[in-house]
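Subject: Handover of a structure and notes on its contents

Dear colleague,

Please find below the structure that I am handing over to you. My notes on what was found in it follow directly after.

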Amino acid sequence: MAKSTLSFVCQNCGAAYNRWQGKCEACGEWNTLAEEDATGNVPVSIRSKRKGRTFALESLAGKSPDAPRLSSGMTELDRVTGGGFVRGSVLLVGGDPGIGKSTLLTQATSLLARAGHRIVYISGEEAIAQVRLRAERLGLSDAPVQLAAETSVEDIISTLSEGAVPRLIVIDSIQTMWTDTVESAPGTVTQVRASAQALIRFAKKTGAAIILVGHVTKDGQIAGPRVVEHMVDAVLSFEGEGSQQFRILRAVKNRFGPTDEIGVFEMTGLGLREVTNPSELFLSERDLGTPGTAVFAGIEGTRPVLVELQALVAPTSLGTPRRAVVGWDPSRLSMVLAVLEAHCGVKLSGHDVYLNVAGGLRIHEPAADLAAAAALVSSLVNAQLPTDAVYFGEISLSGVVRPVAQTPARLKEAAKLGFSRAVLPESARGEAGGDAGLSLNAVNSLTTLVAEIAARGSRRGESAGTPEKNATPARFRRGEG
Ligand code: TYD
Ligand code: MG
């Protein structure tokens, strides 16, 4: 007997239910359930009782006619994919609408086509004229990319099956594709999933690499490409603040490469420019000598990246003080604040705290703890930190500054960019070696660092002849409100 068909599918996460309900229990979103023919997921031809055919089994070793990876010629893109597009692999590039996905892929495909590869760009969203206009603006009109504005997966596959196998196919975007095998409307989870399945089968069969573009909307209006994430080989996310020119390409999942690498781009009037030395970018508009800013010597993937952390600590007028953080984990901020309060006597319960990572970068490393703490204390006592210093180190719950990985790489990058001292964990001093080119200020507990910054604050107050109440270390005494 046929099983009952589940026919209400969450358009955000793809969970299926057999009756309508207001809230999806799987992802917690409201009003995202829509009726779909869930059985349609499997094409009729496959469901029919046919006898299985036999196929040849192969060994792991074997020669492919072409290089297994296709390097795009864009260093930042290749870094994130792990060295280029793998034959027969399917990659999902997700990001907010307007972030620059089509621009990035137009640039990458044009470079590859110019290098003599067969490259196909299928636009389901824009008319050919619009795609051409963009290429013209980017100065890439002469690139022999094969272009089409199509949305039917069957038509696309039939067309691409003719002639030489394309090395790379871009589908912009997967939400606009539809296949005859399912009955749901284009853009629904079932359609997106079935279309992606058909394209993935084509890629595996022919060895062509496919890039699927997917819009991720915050309110989950369009069927989330999240349902495709587990089917593809790699998921790249293209991020950036709308108001800023920096764009960061990050590997969220990659079966053929690392997932902690980032590629940095800058959106200009002439398309995306690769930023090969991100530190220069993130430090370029530095507020030299403003209290509350500290430079963090971080590592993104295999690359050191220096970035400025900005903190603002101000007396609150609210019953519950505000804690706002951009670019860092809010729970790590809470932890650093708790350690400052519990072990260093820094009382922050009467203050609003804001922390921002400059340049739109998102930091995931615990090594940023020390820089964040330095920025916070610097803002609280209104004392600027040395402008030539970088900070890194993890803070434990007991207030001890713990060592972090890759100390030499962090110091080298700081020296290269003209910094002359580093505040780092005591235990990392040995690892740093004698030839770091920086003077090292090793701290083993957060209390030491807080005392140093507070001393700067009180010195500043005295020398200016106007001892500000805010700047005195007395503020650190517990119980003072
Ligand atoms: P687009 O690639 O169309 O975004 P997506 O495909 O992710 O929706 O890029 C859209 C934005 O990029 C648009 O606001 C204009 C801007 N842009 C530039 O600033 N410079 C350029 O050279 C191009 C082509 C676009
Ligand atoms: Mg687009």
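Leaving aside its neighbours within four places in sequence, which residues is Ser-378 in contact with? The contacts of Ser-378 are Pro-291, Gly-292, Thr-293, Ala-383, Gln-384, Leu-385 and Ile-453. Ser-378 itself belongs to helix α10, which covers residues 369-380. Its relative accessibility is 0%, and Ser-378 therefore counts as buried, the limit being under 20%. Please bear in mind throughout that the model is a predicted one.

The chain as a whole

The chain consists of 481 residues, and 50% of them count as buried. Its secondary structure comprises 13 helices and 23 strands. Among contacts with a separation of 6 or more, 67% are made by residues 24 or more positions apart.

The surroundings of ligand 1

How many residues surround ligand 1? There are 17 of them, and the closest are Gly-98, Lys-101, Ser-102, Thr-103 and Gly-271. Three elements each supply at least two residues of this shell, namely α3 (101-114), α4 (128-137) and β13. The largest share comes from α3, with 3 residues.

- For Ile-99, a backbone N or O atom lies 3.4 Å from an oxygen atom of ligand 1.
- For Gly-100, the distance from a backbone N or O atom to an oxygen atom of ligand 1 is 3.0 Å.
- For Thr-268, a backbone N or O atom lies 2.8 Å from a nitrogen atom of ligand 1.

On its own, ligand 1 has 560 Å² of accessible area, and the protein covers 75% of this.

Rings

The count of aromatic pairs comes to 1. The pair is formed by Phe-238 and Phe-265, in an edge-to-face arrangement with 6.0 Å from centre to centre and 80° between the planes. Phe-238 lies in strand β11 (residues 234-239) and Phe-265 in strand β13 (residues 262-268), so the pair ties together parts that are 27 residues apart in sequence. Is Phe-238 buried or exposed? With a relative accessible area of 2%, Phe-238 is buried. Phe-265 also counts as buried, because its relative accessibility is 0%. Strand β13, in which Phe-265 lies, is also one of the elements that supply at least two residues of the shell around ligand 1.

A further ring is involved with a charge: the charged end of Arg-410 sits over the ring of Phe-392, at 5.4 Å from its centre.

The loop that holds Ala-358

Ala-358 is placed in the loop between β18 (351-357) and α10. Helix α10 is also the element in which Ser-378 is found. The relative accessibility of Ala-358 is 10%, so this residue counts as buried. Which residues does Ala-358 touch, not counting those up to four places away in sequence? They are Phe-282, Val-307, Glu-308 and Gln-310.

Backbone features to note

Most residues other than glycine have a negative phi, and most peptide bonds are trans. The places listed here depart from that pattern.

A cis peptide bond joins Asp-172 and Ser-173, with an omega of about 5°. Ser-173 is in the loop between β9 (168-172) and α6 (189-206).

Asn-31, which is not a glycine, has a positive phi of about 55°. It is found in the loop between β2 (16-17) and β3 (33-35). Asn-31 counts as exposed because its relative accessibility is 61%, where the limit is over 50%.

Gln-406 is a residue other than glycine that likewise has a positive phi, near 60°. It lies in the loop between β21 (401-402) and α11 (407-416). The relative accessibility of Gln-406 is 36%, so Gln-406 counts as partly exposed.

With kind regards

Terms used
Residues numbered from 1 in each chain as written. Chains lettered and ligands numbered in written order. Predicted model: local features only at pLDDT ≥ 70, side-chain atom pairs only at ≥ 80, totals over all residues. Heavy atoms only, no water. Helix = DSSP H or I, 4+ residues; strand = E, 2+ residues; numbered from the N terminus. Buried < 20%, exposed > 50% of the residue type's maximum accessible area, 1.4 Å probe, protein only. Contact = heavy atoms within 4.5 Å. Phe/Tyr/Trp six-rings, centres within 6.5 Å; stacked < 30°, edge-to-face > 60°. Lys NZ or Arg CZ within 6 Å of the ring centre and 35° of its normal. Near = heavy atom within 4 Å. Polar contact = N/O pair within 3.5 Å; in protein donor to acceptor, adjacent residues only side chain to side chain. Areas by Shrake-Rupley, 256 points an atom, 1.4 Å probe, with all protein chains shown as cover.
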